[in-house]
Amino acid sequence: MAHVAPSLRNQGSPRHSRLVRVTHWITVISFIALLVTGVEILISHPRFYWGEVGNSRTPPLFKIPIPSSRATVPTDYRYVLPDQNGWSRYLHFEAAWALVLTGVFYLIAGLSTRHFRKDLFPSSKAMTWRAFRSVIAKHLRLAPPQNEAESRSYNVLQRVTYLLVIFFLFPLVIWTGLAMSPAFNAAMPWVVNSLGGRQSARTLHFFVSVSLVLFLLVHVAMVLLSGFASRMREMITGGPALPEERT
Amino acid sequence: MSKVSRRKFVTAGLAATAGVSGLAVAANLAKRYGLVPPDSGGIYGPGETLTYAAQRLLARHSLAREFPRSMISEVPFANSIPPLNDAFKRLQARGFADWRLSIDGMVAQPASLSLADLKAFPVRSQITEVVCEEGWSYVAEWIGTPLVDALKACGILPNARYVVYASIDPDWWESIDMADAKHPQTLLAWAMNDGDLPVAFGGPLRLRVPRQLCYKSVKFVTRLMVTDSANGFVSAIDPKSPNFGYAWYAGI
């Protein structure tokens with residue numbers, strides 16, 4: 001504990017602020033609902049296109065090799081999955097509202113509490129290739145944090161990843177989603193036109209969602225590798241981790 | 001109970017009361033200004049209400065995107081339609097000369113219009129995208145009579161809030177609010193891409209609602225009913241099957 005950076009909180013204070021803990025779990029619930037219903041909606045037409053239009057009579061950009069819930073979609077399978085689009089669409093848009101409203105609240109509160117500057121933006125000193133290489137090497141060796149400061153703060157790789165998810169992937173998934181709303185496009189046509197058309201927006205929505213799922217998988221894997229119980233306790237109660245797991 | 005926790009308790013109580021009464025005021029205002037969709041109940045109600053209210057505030061008069069002629073799809077895709085019934089086949093055999101569109105409910109003068117009567121109204125054509133909830137789309141030119149012209153000819157009564165429209169197929173009907181019913185792009189379409197409207201695309205008469213997904217664009221329309229309540233006319237592709245319980249408002 002000899003060289004604790006001044007910006008670090010006291011050891012007794014929570015690892016994650018209440019803002020981060022509450023918005024984190026609302027986001028988890030919303031994201032899982034969006035993912036499950038998104039897959040349900042996708043199987044009613046597992047073909048993707050580029051440009052404004054695309055349908056079963058136009059060549060796809062690519063197909064997902066799964067059966068469809070619609071008999072009109074040409075697939076390599078002889079059976080048609082049950083249609084679950086009714087509740088899936090209702091839940092997809094309700095969860096999207098929950099996610100967007102939580103995100104707006106998190107942005108405003110995060111700015112006013114200096115959460116982004118304190119916890120996420122890396123110092124310019126840390127933004128070097130050497131720092132990235134060192135963090136990646138530690139990850140590959142599964143090396144535990146070397147001191148208290150390291151375990152109570154994010155490393156440069158974590159910071160850059162979280163910033164990309166918060167300020168790039170989530171805004172992009174909301175933008176490409178809104179670009180598929182016919183009424184919203186009537187009010188703001190540039191939202192879809194700037195993406196190259198409706199089908200391009202749908203294809204981008206798919207790829208951004210895949211990126212978010214990849215993030216989720218790595219995120220959960222890192223939580224499991226670094227001590228599931230302590231990481232969960234920190235994110236639920238904010239309480240400090242058990243001392244033996246710190247070493 | 002210590003002083004601090006009592007103060008916290010009172011503050012939280014006041015905040016909760018303010019929150020609940022704030023929500024009640026918002027709900028009343030939303031109802032008065034027509035921002036609550038008919039399917040606002042149940043667990044999906046809050047999401048639907050937010051979507052509908054946001055779009056009615058933001059986009060009540062916005063026009064759906066129209067496209068240049070060069071973007072009309074060469075091979076438009078027609079989704080499967082239910083088997084056509086005998087009543088349809090009889091009308092089809094006579095070239096739809098006897099097709100009638102009845103307009104009733106909250107109008108001053110109910111009417112029954114032939115296709116020729118409809119074509120006597122000012123014609124509007126538009127090149128818009130048909131967007132299916134499944135994910136696919138195509139662009140076509142739609143030619144027809146604006147719904148608002150046909151309704152106004154019958155005299156819409158002031159309390160009217162919804163228009164229910166029904167296909168010749170007895171299980172197929174939908175409803176829209178007056179914002180979409182009076183919208184200049186909502187069309188009783190009787191032609192497509194410079195030809196008669198093909199049966200596969202809803203011919204001889206289809207209601208096109210281009211600002212909503214195409215399950216709201218009912219094919220083979222024979223009846224319009226103006227009403228002040230959407231009770232019993234909420235969701236409609238197949239109300240008997242819960243899997244098909246699509247949202248009433250499809251502007252997403």
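The structure is a predicted model. In chain B, five strands form an open sheet with mixed pairing, and helix H5 of chain B packs on that sheet. The contact between the chains draws 39 residues from chain B and 34 residues from chain A.

**The sheet in chain B**

- The strand order of the open sheet is S2-S1-S10-S5-S6 in chain B, and the pairing along it is mixed.
- Strand S2 (111-114) and strand S6 (173-177) of chain B are the edge strands, each of which pairs on one side only.
- Direction ignored, neighbouring strands of the sheet are turned by 20° against each other on average.
- Strand S1 (residues 100-105) and strand S10 (residues 221-227) of chain B run parallel and are joined by four bridges, and B:Asp104 stands opposite B:Met225 in S10(B).
- Helix H5 (residues 147-154) of chain B touches S1, S2 and S10 of chain B as it packs on the sheet, and the direction of the helix makes about 60° with that of S1(B).

**The side of chain B that touches chain A**

- Helix H2 (45-59), strand S3 (124-131) and strand S4 (137-146) of chain B each supply at least two residues of the side that touches chain A.
- Among the contributors to this side of chain B, H2(B) gives the most, with eight residues.
- By residue class, the side of chain B that touches chain A divides into 20 nonpolar, 13 polar and six charged residues.

Conventions
Residues numbered from 1 in each chain as written. Chains lettered and ligands numbered in written order. Predicted model: local features only at pLDDT ≥ 70, side-chain atom pairs only at ≥ 80, totals over all residues. Pairing = 2+ DSSP bridges. Axes fitted to C-alpha atoms, helices over the stretch in contact; angles between N-to-C directions. Contact = placed C-beta atoms within 7 Å. Nonpolar A, V, L, I, M, F, W, Y, C, P; charged D, E, K, R; others polar.
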